[in-house]
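Open the model in your viewer and keep the selection tool at hand. We will go from stop to stop, selecting a few residues each time.

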Amino acid sequence: MAAKTHRTAAHPTVLSTRALNRATLDRQLLLRRSAMSAKDAVAHLLGLQAQNTKPPYFQLHARLTDFDPEELSALMESREVVRIVTLRSTLHTHTADDALTLRPLVQAARERELKNFRRGLEGVDLGRLAAVAEELVVERPRPVKELREELLAHWPDADPLALTVAARCLLPLVQVTPRGMWGRSGQVALTTAEHWLGRPAEPVPAPDATVLRYLGAFGPASVMDFQAWAGLTRTKEVFERLRPRLLTFRDERGVELFDLPDAPRPDPGTPAPPRFLPEFDNLLLGHADRTRVIPAVNKGRNGVGNQAYGSVLIDGFFDAVWRVEREGGTAILTVQPLRNLVRDERAEITEEAARMLAAMTDATDHDVRFGTFLDYGD
């Protein structure tokens, strides 16, 4: 049974936190696993957060039926997907098409980031820096250290880190394979997206289509939600332009939410199976108000300091952290609950954990435990 969506302009339907949770989980392929291909899933989700090399694989395992990590690895090798800095100035795995369109769309965020390094770039002609860096990485993919040294030869008085940050902000640099491939990752080496993909970058697109795609994967959502996901500002006029094509709701705090008319909004009582998400999954980062997935009491509890851990969704909400360790041929997955679990929840979590270990490790034996490994200092 779908959640009711009847509303008037004066009195839009209020969607509860649980209703928002189920709608978002459905679009994130987390209420039930999807049979879509890895490439289609990467496109549907508008990319996978990829600060580390393994999380994109775990993101797809949580969402796809019988996912084989080699499927995504093969897409990287064939250059159908790439690793590139885009949303929120962070590294993502995108389809080739999205790498050539989303990257210019979010260029404004790169320019804001570059301003933070302006002191280290005094006297540096940024246009010339971009031209020099492009010539270097097109000649052959360059490791970051090598690129930095080459740029320092041109600007010896500049801050070394600022030079490489500037190159990344000015150019659409991708991390070439084998970096990021399953079980065969190498050091970071960079070239331009156009060179790696063999086709030019697209003109900066209007954001309308991206907003619609975002709602299809993360909605219902507010203007601020979209801006938090994309790392953009001043997009209210885009939503206003699209308003005639969208439905509007309110959340329990009265914030206006936009949505696609035909998007799924399941009944809030729809069961949500446990799912193991890696660190920095975009589900956890895709909204300004994250309470639809992260209970207020658990805010900031999926890591300590600079160390982040995986998150376990229990009944659709982040209520446990997890990590995997190896002892010889045994993979040990420890789940640390953030609330008391009932027996059925523990059994479902154990079953899902065993499934993940079997698919995502080469260990001959698996051990799922409930315990404590994070000290929050409460």
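Select Gln-175 and look across to β6: Leu-190 stands opposite. This is a predicted model. Now widen the selection to residues 173–175, strand β5, and residues 189–192, strand β6. The two strands run antiparallel and are joined by three bridges. Strands of a sheet pair through backbone hydrogen bonds, either parallel or antiparallel.

**The six-stranded sheet**

In what order do the six strands of this open sheet lie? Read across and you get β1-β3-β2-β5-β6-β4, with antiparallel pairing. Then colour β1 (48–49) and β4 (142–143), which stand at the edges. Each has a single partner strand, so one side of each is left without a neighbour in the sheet.

Move to β3, residues 91–95. Are its residues buried or exposed? Five of its five residues are buried, so here "buried" means under 20% relative accessible area. Show the side chains. Leu-91, Thr-93 and Thr-95 point one way, while His-92 and His-94 point the other way. In a regular strand the side chains alternate between the two faces of the sheet.

Now check the partners of β3. With β1 it pairs in the antiparallel sense over two bridges. Select Leu-48: its bridge partner in β3 is Thr-93. With β2, β3 pairs over five bridges, again in the antiparallel sense. Select Val-85, and you will find Leu-91 as its bridge partner in β3.

Follow the chain between β2 and β3. This hairpin has five residues between the strands. Stop at Arg-88, which takes a positive phi near 55 degrees.

Select α5, residues 96–105. This helix lies across β2 and β3, and it runs at about 125 degrees to β3.

Next comes α6, residues 107–115. Which of its residues are buried? They are Gln-107, Ala-109, Arg-110, Glu-113 and Leu-114. Turn the view to look down the axis of α6. The buried residues fall within an arc of 155 degrees, so they line one face of the helix. An α-helix has 3.6 residues a turn, so residues three or four places apart point the same way. What do the buried residues of α6 pack against? Show β2 (81–85), α5, α7 (126–139) and α9 (160–170).

**A buried glycine and its contacts**

Jump to Gly-286, in the loop between β9 (275–277) and β10 (303–304). Its relative accessibility is 0%, so Gly-286 counts as buried. Leave aside its neighbours within four places in sequence. Gly-286 is then in contact with Tyr-214, Phe-218, Asp-225 and Trp-229.

Select residues 223–230 to see the helix: six of its eight residues are buried.

**The five-stranded sheet**

Now find the open sheet with the order β9-β12-β13-β14-β15. The pairing here is mixed. At the edges stand β9 and β15 (365–370). Each has a single partner strand, so one side of each is left without a neighbour in the sheet. Neighbouring strands of this sheet are turned by 30 degrees against each other on average, direction ignored.

Zoom in on β12, residues 310–314. It pairs with β13 in the antiparallel sense over five bridges. Pick Val-312, whose bridge partner in β13 is Ala-320.

**The largest pocket**

Rolling a probe the size of a water molecule over the atoms shows where empty space is left. The largest pocket has a volume of about 560 Å³. Which of its 20 lining residues are closest to its centre? Select Lys-54, Phe-58, Trp-322, Val-324 and Met-360. The elements giving two or more residues to the lining are α3 (55–61), β11 (307–308) and β13 (317–327). The largest share, four residues, comes from β13.

Note on methods: Residues numbered from 1 in each chain as written. Predicted model: local features only at pLDDT ≥ 70, side-chain atom pairs only at ≥ 80, totals over all residues. Heavy atoms only, no water. Buried < 20%, exposed > 50% of the residue type's maximum accessible area, 1.4 Å probe, protein only. Arc of directions from axis to C-beta. Contact = heavy atoms within 4.5 Å. Pairing = 2+ DSSP bridges. Axes fitted to C-alpha atoms, helices over the stretch in contact; angles between N-to-C directions. 1 Å grid on protein atoms, 1.4 Å probe; cavity = no way out; pocket = protein on both sides within 12 Å on 5 of 7 lines; lining within 4 Å. Points joined across faces, edges and corners; volume = space filled by probe spheres on them.
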